[in-house]
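Subject: Structure for your attention

Dear colleague,

Please find below the structure that I would like to pass on to you.

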Amino acid sequence: MSKHTFSIGGVHPHDSKISRECAIEKLPLAPTVYIQLSQHIGAPAKPVVAVGDKVKVGQVIAEPGGFVSAFIHSSVSGTVKSIAPRADLAGNPQMCIEIAVEGDDWADGIDTSDTLITDIPEDNKAIIEKIRLGGVVGLGGATFPTHVKLSPPPGSKCDRVIINGCECEPYLTSDFRTLLEKGEQVVVGAAILRQVMGNVPCTIAIEENKPEAIAHINEVIGKLGYKGIDVMPMKMRYPQGGEKQLIDAVMHRQVGSGALPISVGAVVQNVATALAVYDAVQKNKPIVDNSVTVTGECFPRQANLLVRVGTPLRYIIDYLGGVPENAVKVISGGPMMGRAVANLDAATLKGTGALLFLTAEQTLRAPETNCIRCGKCADACPMGLEPFLLNRLAKADKLEDLEKNAVQDCIECGCCLYSCPAHIPLLDNIRMAKGAVLGAIRARAAAKK
Ligand code: SF4
Ligand code: SF4
């Protein structure tokens with residue numbers, strides 16, 4: 001088997017993919033959805049509907065609020081009930097469009113059939129416009145608007161498109177199921193992406209613990225006859241699916257501090273994003289739903305659900321049997337990079353990929369002790385940072401020194417925390433410090449204007 005992997009740091013958590021056999025099933029429509037206006041990186045979208053309006057599935061309900069922003073579409077048909085702040089997953093107020101569901105009427109021009117369309121339009125500008133109009137954002141976690149990523153700044157050149165099918169976070173299986181069940185659409189999406197970037201080679205990177213997906217995608221590529229797309233089996237290692245780590249593993253190129261992947265000729269898109277690109281370009285279908293893994297040893301029924309954007313978490317959980325009595329924590333995402341859910345009445349976003357339930361035993365952290373300067377956190381850091389130092393600077397609130405020591409490069413992977421024998425909450429402290437440094441950088445930039 002392959003040894004393709006990144007060159008520094010990383011850890012080997014148990015993969016715990018207990019929902020891997022669960023085929024994607026459609027979640028019945030919730031009675032009401034709450035569609036957040038800020039669910040991508042960049043400016044929040046601006047509503048273009050009013051209370052009382054009737055909307056259809058796939059209809060634009062909010063338009064981009066800036067260059068880096070995205071269209072938002074109704075995920076249901078029904079009536080707009082309110083446009084008002086509502087608590088998000090973290091409990092913070094976010095503007096949402098509330099829609100009461102009445103049937104399932106789709107907007108005109110959207111192809112909802114299962115017919116696979118393999119002929120790719122020739123006009124790359126028109127393709128990018130369709131991706132923009134489809135509200136496509138990176139679904140691997142970053143939610144960066146895809147049309148912006150596909151329009152590199154003048155002077156930069158893409159040498160390779162990488163489709164990230166690693167799904168290296170423990171427990172998550174929605175990308176795996178997408179590769180198995182929508183492999184044709186993902187490969188057409190990959191072919192579209194490589195064409196848009198100048199007919200460059202495209203690598204679909206899949207970790208070795210998904211041999212069925214590797215075999216299936218190889219078969220699909222052969223069947224569809226696309227040239228320039230290959231599958232690269234990757235070593236199982238976390239965070240193999242990190243953008244910079246994947247570029248290192250596939251292209252042996254290092255993205256510098258603060259630089260973008262395009263600076264070394266790479267464009268990375270996740271499997272679910274490739275599917276969304278296929279939908280937007282070939283079927284005229286915007287992002288109105290996404291696959292969500294619902295899992296955890298204590299959870300009554302493991303599942304991969306196709307969920308309409310804006311569905312309340314409580315509705316999903318109740319459909320699967322309710323919150324187990326012994327669950328004390330719900331995480332949106334995986335155990336390494338996910339965020340604790342503070343509000344089960346919050347609704348899903350385009351980028352919601354998983355809900356993970358944990359017991360008290362699984363969340364119990366051993367008491368923090370003093371740093372013994374073992375260096376294990378630095379050995380594990382895939383970004384070459386010194387987490388023990390960043391932690392010390394964070395505690396002393398030394399923002400300038402944190403910036404000098406590249407705290408902004410931290411990808412919040414949690415490898416340092418995972419490795420620390422003193423159980424120091426390195427990730428929590430560094431994440432907070434990163435936010436403070438970002439605030440200081442923004443304030444500096446604003447003062448210069
Ligand atoms: S969370 Fe940040 S500091 Fe810790 S290992 Fe990951 S990249 Fe390094
Ligand atoms: S792993 Fe923990 S104990 Fe070891 S150097 Fe890092 S912070 Fe200190």
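This is a predicted model: local features need pLDDT of at least 70, side-chain atom pairs count only at pLDDT 80 or more; totals for chains, interfaces and linings use all residues.

Ligand 1

There are 15 residues around ligand 1, and those that come nearest are Cys381, Cys410, Cys413, Cys415 and Cys416. Two helices, H13 (415-419) and H14 (426-448), each contribute at least two residues to this shell. The largest share comes from H14, with 3 residues. Sorted by class, the shell consists of 13 nonpolar residues, 1 polar residue and 1 charged residue.

Helices H3 and H7

Helix H3 covers residues 174-181 and helix H7 covers residues 271-282; their axes lie 9 Å apart and the helices pack at an angle of about 45°.

Which residues of H3 meet H7? On the H3 side they are Asp175, Thr178 and Leu179, and their partners in H7 are Val271, Ala272 and Leu275. The residues of this contact comprise 4 nonpolar, 1 polar and 1 charged.

Is H3 mostly covered or mostly open? H3 is mostly covered, with 6 of its 8 residues buried. The buried residues in H3 are Ser174, Asp175, Phe176, Arg177, Thr178 and Leu179.

Yours sincerely,

A colleague

Terms used
Residues are numbered from 1 along each chain as its sequence is written. Chains are lettered from A and ligands numbered from 1 in the order in which they are written. A residue is near a molecule or strand if its C-beta atom, placed from the backbone, lies within 6 Å of it. Helices (H or I, at least four residues) and strands (E, at least two) are DSSP runs, numbered from the N terminus. Ala, Val, Leu, Ile, Met, Phe, Trp, Tyr, Cys and Pro count as nonpolar, Asp, Glu, Lys and Arg as charged, and the others, Gly among them, as polar. Axes are lines fitted to C-alpha atoms, for helices over the stretch in contact, and angles run from 0 to 180 degrees between N-to-C directions. Two residues are in contact if their C-beta atoms, placed from the backbone, lie within 7 Å. A residue is buried if 20 or more other C-beta atoms lie within 10 Å of its own, exposed if 12 or fewer, and partly exposed in between; C-beta atoms are placed from the backbone.
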